[in-house]
Each structure stands twice: as structure tokens, then as C-alpha cells.
Amino acid sequence: MKLDSRLEKETFKEQVKKNVKRLFRKDFKEASDKEIYQAVALAAKDVVIDQWMATQDAMEQQDPKTVYYMSMEFLIGRLLGNNLISLCAYDEIREALDELGFDINVIEDQEPDPALGNGGLGRLAACFLESLSSLGYAAYGCGIRYRYGMFRQKIEDGYQREVPDDWLHDSYPFELKRSEYSYEVKFGGYVRSENLPDGRIQFIHEGYNSVIAVAYDMPVVGYNNSVVNSLIIWDAEPKQVFSLESFDKGDYAKAVEDENLARSLVEVLYPNDNHISGKELRLKQQYFFVSASLQRAIQRYKKNHDDIHRMPEKVVFQMNDTHPTLTVAELMRILMDEEGLGWDEAWDITTHCVAYTNHTIMAEALEKWPIEIFSRLLPRVYNIIEEINRRFCLAIETKFAHDSARIARMAIIYDGQVRMAHLAICAGFSVNGVARLHTEILKNESLHDFYEMYPNKFNNKTNGITQRRFLLHANPLLAKWVTDRIGDGWITDLSQMKKLALFADDEKAQQEFRNIKYKNKVRLAKYIQEHNGITVDPNSIFDVQVKRLHEYKRQLLNILHVMYLYNKIKENPDLKITPRTFIFGAKAAAGYRIAKLTIKLINNVAAVINNDRSINGKLKVVFIEDYRVSNAEWIFAASDVSEQISTASKEASGTGCMKFMLNGALTIGTMDGANVEMAEEMGEENMFIFGMSAQEVIQHEHDRDYNPMDIFNSNQEIRKVLMQLVNGYYSPNDPEMFRDIYNSLLNTECTQYADTYFILKDFDSYAKAQEEVEKAYEDEAGWTKKAILNVANVGKFSSDRTIQEYVNDIWHLDKMTIE
């Protein structure tokens, strides 16, 4: 695709100057970096808008089948750099800014990370949207325009503190408010019915509160193909901004009730649900964006189609985990109550439009809602789910010959709860896992009853990542090195990375690869110095674990091992060890006490080790505050070792592992999630595998035969590490600070099973694998060969491949042609 003339260097420079003048009444020489960012974004947006409009025209004329990707979160990252890359204008704009006296990296840093997501679920959704655009398929992402995100993480005295992530403070240049797409969403009230002359029953919702969902669109720019799809994020506005009548009566709370309801829906991602109000708000959020998205999708379909019965030919809704499962019941409600269809007609359409992606193996993570809350907040939707459940239970009874135990396990409504995953599986025409191991566990363990009932629904779609953000943008030095050797075809076809295997033993290529890694480590070391005040050695092993903090991801195993290594060095000061920098980054959910305590432990261990001059810098520990997409890009590029150490059978897939692999980091990990398929692609000899298998973990859980106290009693080194949790070694002013972590591992004063995630069981194996890491790193040529082979074998893990599999097997989309 030819470079748009507006992005040519001299033209762009003039446009930036004009934009500064128009936006800020300034000469560009007086403008701040933030103002230059706004001017540059506006200039880029002008080109994007034209391609966006052309894409909408193509969708109108060609009428392709469209996927609506329904997700509570989209962790899209900063858009300026990524958009310039997709427009094939990044180098041109970098030179233009350089000639104007500005560094493009500094300008990009002025952009806030849009606070629309938190972890891997949201980042996967963002990768999928980017791949859909780059592959030329029609798609809409559908989510919420959170004003403050989940939170911005501050580390104060080692503790996580949650503060609002005010990313919209200065407005966001790449979003467009679309007031013409506004829809009413109703909560509460009651439902009455009327018999119509034709024999049908009409359900009428009354006495409700409502908000107006207003669309904001963000562009999703495809790479070098002029396709720009839309991410629709819904804001909430009150139906009545202010009730003067209530105010005059002295009922001041009632006067602003509608405004408060609207604001609360879009303030925060994943509000703390440790209390009833939090649970209610989460359910309201889910219904809010689902209802608005469905109203928009059906309105769009009806614009060019007269027969609602044929909607499955043109529309598919992909539910990203259980959060959007209300799509099922809300689609039924709209089809029956607003389109006038009967139950069987509506159910036929719904069950051919809706598909479900499962992202978790753990039963406690499959959403369930108390009937009392659900029926009160969403009375009509609850009525519909009751009827779905009644019919579903009859189908189970028919198929499995009055198996009451099976009905209890599979029912959508049971034991006072609405089970959202069960609803999604019942209605969805496709149910997919996100890694082969994960899918097999779903089929054989956690969702086995459903697999027996609907074997043809289940399929696997191993996750992937976009190489355009996580290599081309995140690691330009390595991206150029790859392109110089095999051409630039990898940008749209990651399987071409296989060609790099020819260079794995080449001394010159190895030296160049090491030089690139070193420069990226220097860049990250500078970031750490500026943000943490810690000096780290770029020649040390950068051993990295960055991901959402959860017990099954086992950040605790990692830091306990750091404590173990520190003990070894203290006991033997002459111990020869390759200097190691352990880097952590993670957010813990606001109400997740043990996870937040683990962050405090990491920071306290860091404070002791980093200030101990006697160990001569052999160990350093860093916790990077507010881990997010923008700093993740630098971290992946600089990492030597990737920690993928979840308890086997617990991680559905993981995509961080793929980003590290793409950037030449070697994985130490369990055979869990996508690690299994990575090992198959690159060879187990190019990663460091440890720990129990998934089947061994499942067997121990079934037999309940594991007692961590046996390890505590028999292993002196582990016992010493654990005692340091409660003897004040890392918390001298409060020896009891980490008692809850100690108890969780040994079941002391703890009601749950001890060491639920088998940290002590896998510790010895992990420590041995870490010794293998150090031994391998000492062989410079051998290590570099492994690293190059990691990059060479990453092709399977592109989100382009994943999306094409969704298209071929589930969605059946047709590519658009953009003139």
C-alpha cells in the first residue's frame, strides 16, 4: 500500500505545526511534549478516519458477515505508535519529528494507556481485534468505556495502593463519540404480562430505572490494508440528568439518582465484589454493555435486511469468557419482546448466533449470580433464563434417563444461583478452549457432563499474540534484525520466522542477537533506575515474571526461591553464581488479600536483598509499579528468562509466554497451558521444564493425599525459607506480617487445604530447573542458539493464525475488499 501523501515527511511536519496552532494557540516551538503528542495524533487520526469511512462503506456495500466480539475488557495499549506502524508510516513520522526537534519515543510516552482492561483476557481481545482488521474481516469489539479502569497501581512502603487511572483527564484523541447510537438499558422494576388477540403473551417491563448507553468508537487499524474496524465502548448517561422536582422537595439524593446510576456503571473495571453492592454493580455492568451492543447490532442488521430469521447468516456474537453470557437471554428478550417472535423462533436464531470462549479451568472462576440479586435487577431476563433452564433440564433428563445427579451438576439455575457458564454452553453453537491442554481438561474434567451432551460443540483455538505490536513496535532492533535476514513477510505471516533457524549457529548472527538483547536490557535498566531508584546490571540474567497476580500463577514460588538463593549466598559468600535480576510486575485485585500480601513480601525481600552490600550485587529484586502494555513492551524485549510457572492444569493458555518467546527469552515453566505447545514447536531442549504434570496435579486433588508438612519436616532449606516468613527476617517491625502466607502453605489455622497450588511440592524441581538455567546461561553460544530458536519457532502463536481458525471453524466470515 502506498504511503498516504499526508504522512509524507514535509507534509506531516506542516500539519503538526498547524494542529499545534489550532489546538493550543501556540507556535510549535513553544509546545510541550504532551501538546505535540495531541497534534501528531490528530494528524494521524485524519488519515485513519478516511480509511475508517472507506471500511464502513465497504461493509455497507459488500454486506459481509460480521463478528461482534463481546468482552468486559480490551487492553488495547497506546494507539499512536501502533497506528503509525499499521499505516506503514512510523519511520517517516519518526524522521519528521526528529527534524522538528522531538523524539518519537518521548512523544509516544505522553499517551496514557487506555484503562479498558487488566490482564490477559483483555489483551487477547485487543490482539484479536487487530488481527481481524489486518486479515480484512468485518468486526466490532464491544465493551465499556471505563473512566478510571481497574486502578492505577502505586507501591507505597511495599504495599499496593489502588488509585484512579484517570486516562481521560486530557481527553483521548483516538475516540469518537457517536451520540446517534444511544440506547436505553433498564434495571429493576417488575414484569407484567398481557394476552394478545393472536394468542401470544406480551411481557411489559415497568417500574424500572434506566440509563442511556452512548457509543464511543475507537479505530482498530489493520496492517497495510486500509481496513479499520471499530471498538465500540459504551458510556452511560442519565435518562434525566437532574430532577428539579425531587430537589425542591428536599430529596437531594433522588434528584441525582439517575446520574449516579449512570456514573457508577462506567467508573471502574471489576469493582470489588466482596459485598452485595459490588456484586450488583458487576451484574449491572455486564447487562449494560451486552444490551447496548445487541441493540446496536440488531439495528445495524435491520438497516439492510428485512428477515430477522436470517440474522445468523450475517451476525455472530463471540462471548469472551462468562462476563458477556447475558448476550443469550438479552438476545432472546429483544427477539421476543421487541421483534415479536415466538420462543422457538427466537431460540433458533440465538443458538445459531452465539458462541462461547472459556478462559478458565477453575470452577470458582466460572461466574455464578445469586438468584435474589439477579431476579431483582433483571426481572425479565431472569424469567427468560428460568425458561431456558426448565427446557434444558428436560433435555438432560431425556438424554440421560432421569439422572438427577447430572441435572444438579448441569442445571443453569441451581442451589440459589444462576450459573453463567452453563447458560453459555447450553445456548452457544460453539464452545472453545484456548490451548489444547486446557480444552482436553474441559472435556474430560471440569465440563465433562456438557461434553458428553454436546460433543460437537467443543473445539480448541490456541491463543495467539500480534507480532506487530509485540515485536515490530516493542522491539524495533530485533525486528530490523529479523527483516534483514528473512525479509518483512513475517509481519503478516509469522510462520516465516522458521527461516531464522538457519542462523541459530551462525557466530555473527549470534553476536548481533546478543548485542540487541543487551541494548534492550540497558533501556529497561534505565527505566528501573528512573522509576524504582534501583541500579541493575544489564550483564546479569534478567529473570522476569509479569502477569496478573493470582495464587495459581505462583509468584509466591518465585519469591520463595529468591529467598532460598539469598540464603545460599549468605551461607557461602564465595558461592559462584551468575548475577541475577529478578523482575516482577503484577496487579492484585483490590479485594484479594493474599495476593496483595504477596506483593508486600516481594517488596520486603527486595528491600533486604538490594541493600545487602555483602552479596556484591549477585542478586537484585525489582517490582515494577503499574504493569501495563506500554512498559510490558520494554520488559519483553529485555528479558532473558520468562517465568511461566503456574500450577499445571490451572492456566488456560497464557499469552505472556508467547510474547517472551517472540523476543528471544527462554522459558522456565510447567507443562501447563500454551507451554505444552511451545515445547512441541521449539523442542523441550530449548526451555526449562519442571514440576508435576497436569494429570499428577489432578490426581492429587482427587485423592487429597498431599501433605506439605511432610516437605516442611524433611527439607531443611525449605523449612528455613518458610520460617523466615514468621520470624521477622523480612519484617522485623512486625514478625507476624506474613503469617497468612505461611498458614496458606502449611494449613496452620487455615480452613482450606494446605498449599492448594502445590508450591512446596514443586519447589525442589523448580530450584533444580533454575540451576539448569544458570548453567545454560554460562554457555554464551548455546544460550543464544536456544534464544534464536525460540524466535524461529514462534510462528504458531500469532493471533492471525488463531483468528483464521475462528473464521474457518466458527464464524465463517468473508474478507472485505477496500478500494
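So, K399: its charged end sits over the ring of F400, 5.9 Å from the ring centre. By "over" I mean that NZ of Lys or CZ of Arg is within 6 Å of the ring centre and within 35 degrees of the ring normal. There's also K521, which lies over the face of F542 at 4.8 Å from the ring centre.

Quick caveats: this is a predicted model, where local features need pLDDT of at least 70, side-chain atom pairs count only at pLDDT 80 or more, and totals for chains, interfaces and linings use all residues. Residues are numbered from 1 along each chain as its sequence is written, and side-chain values use heavy atoms, with hydrogens and water left out.

Okay, ring on ring. How many aromatic pairs does the structure hold? 25, counting Phe, Tyr and Trp rings (the six-membered one for Trp) with centres within 6.5 Å; planes under 30 degrees apart are stacked, over 60 edge-to-face, the rest tilted. Take F374 and Y382: the centres are 6.0 Å apart and the planes at 55°, so that pair is tilted. F374 is buried at 0% relative accessibility, and Y382 is buried too, at 8%; buried is under 20% relative accessible area, with a 1.4 Å probe and protein chains only.

Then Y564 and F763, which go edge-to-face, 5.5 Å centre to centre and 90° between the planes. That pair links distant parts of the chain, 199 residues apart: Y564 is in helix α22 (residues 555-571), F763 in helix α31 (residues 759-778). Helices here are DSSP runs of H or I, at least four residues, numbered from the N terminus. Y564 is buried at 9%, and F763 at 4%.

Last one: Y69, F128, Y806 and W811 form one aromatic cluster.

Key: Buried means under 20% relative accessible area, exposed over 50%, partly exposed in between (1.4 Å probe, protein chains only). Helices (H or I, at least four residues) and strands (E, at least two) are DSSP runs, numbered from the N terminus.
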